[in-house]
Amino acid sequence: MDERKLLREDNLLRSEPFAFMVAQGQLPASSANALARDFPHYAGAGFFPWDPAECGPELNRLVEELASPRIANAIGARLGLADLGKSPSLVTICRSLNKRHGTIHTDSKSKIVTALLYLNEQWPDTDGGCLRFLRRIDDIDDMVVPQVRPLFGTLAAFRRSDNSFHGHLPYEGERRVIQIAWLTSEEEKQRKTRRGRLSRLFKKLFGRLDRRLGAGRDRNAAHRD
């Protein structure tokens, strides 16, 4: 990744009601096939801690670049934070979702900044699964800016706050994304990693139940963090 692309004037940048950015074209189109080939296959839906052994070399190289201090500092600079690269980072990867995912939330207080890099070469003609930055926790349609389609090379990042509301309409199916969160401490990184591994085991064992529980969720469903 080229951090200069994160600093382009045509990137979408907002400071109110919370700091966030949307930057398209962050990856060369020529890398799409290799990244698709190297993307991990998961038995369950949702985000799981990055394991290099499950990924191919091109995807691992991209993750290492995304987690580098130079990329962190470039994102932090756009969001009003200095030296974000000094904070511990946690990478999780999602291949698919079920309809339970995407409820409105702020992210936990242990997160400083969250960035999402989408790797879907196409997206169906649907609002489902498209990221929305919101003004309220109880209205998925009260968007600050138009929703973000999760297309290849689009990066969305935001600074966590008590009103950093975001989510997406229910969607079930493949939705490839790399997520990196810069955290308040190494202890929080270890705790979230352990929880992510337990979540993966649960979804592997009870994936059908997970899909069934989320199938009828309300479009404005929310949780605080």
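Contact here means heavy atoms within 4.5 Å. On that basis, in this predicted model, residues 24 or more positions apart account for 82% of the contacts in the chain with a separation of 6 or more.

**Figure 1. Helices and strands of the predicted chain.** The chain contains 5 helices and 9 strands. Their order along the sequence is α-β-β-α-β-α-α-β-β-β-β-β-β-α.

**Figure 2. Overall dimensions of the chain.** The C-alpha trace spans about 45 × 40 × 40 Å along its principal axes. For 225 residues, a compact globule would have a radius of gyration near 17 Å, and the 16 Å of the chain agrees with this.

**Figure 3. Burial and surface of the chain.** Of the 225 residues, 52% are buried. The accessible surface comes to about 10800 Å², and carbon and sulfur atoms contribute 49% of this area.

**Figure 4. Charged side chains.** There are 37 positive and 29 negative side chains in the chain. The centres of the two sets are 4 Å apart.

**Figure 5. Ser110 in its loop.** Ser110 lies in the loop between β4 (89-97) and β5 (111-118). Its relative accessibility is 9%, so Ser110 counts as buried, the cut-off being under 20%.

**Figure 6. Surroundings of Ser110.** The side chain of Ser110 makes a polar contact with the side chain of Ser108, at 2.9 Å. Leaving aside neighbours within four places in sequence, Ser110 is in contact with Trp182, Leu183, Thr184, Glu188, Arg191 and Lys192.

Definitions and conventions. Residues are numbered from 1 along each chain as its sequence is written. This is a predicted model: local features need pLDDT of at least 70, side-chain atom pairs count only at pLDDT 80 or more; totals for chains, interfaces and linings use all residues. Side-chain values use heavy atoms; hydrogens and water are left out. Helices (H or I, at least four residues) and strands (E, at least two) are DSSP runs, numbered from the N terminus. The radius of gyration is taken over C-alpha atoms; the globule rule is 2.2 Å times the number of residues to the power 0.38. Buried means under 20% relative accessible area, exposed over 50%, partly exposed in between (1.4 Å probe, protein chains only). Accessible areas come from the Shrake-Rupley method with a 1.4 Å probe; for residues, only the protein chains shown count as cover. Lys and Arg count as positive and Asp and Glu as negative; His and the chain ends are not counted. The place of a charge is taken as NZ of Lys, CZ of Arg, CG of Asp or CD of Glu. A polar contact is a pair of N or O atoms within 3.5 Å; within protein, one must be able to donate a hydrogen and the other to accept it, and residues adjacent in sequence count only if both atoms are side-chain atoms.
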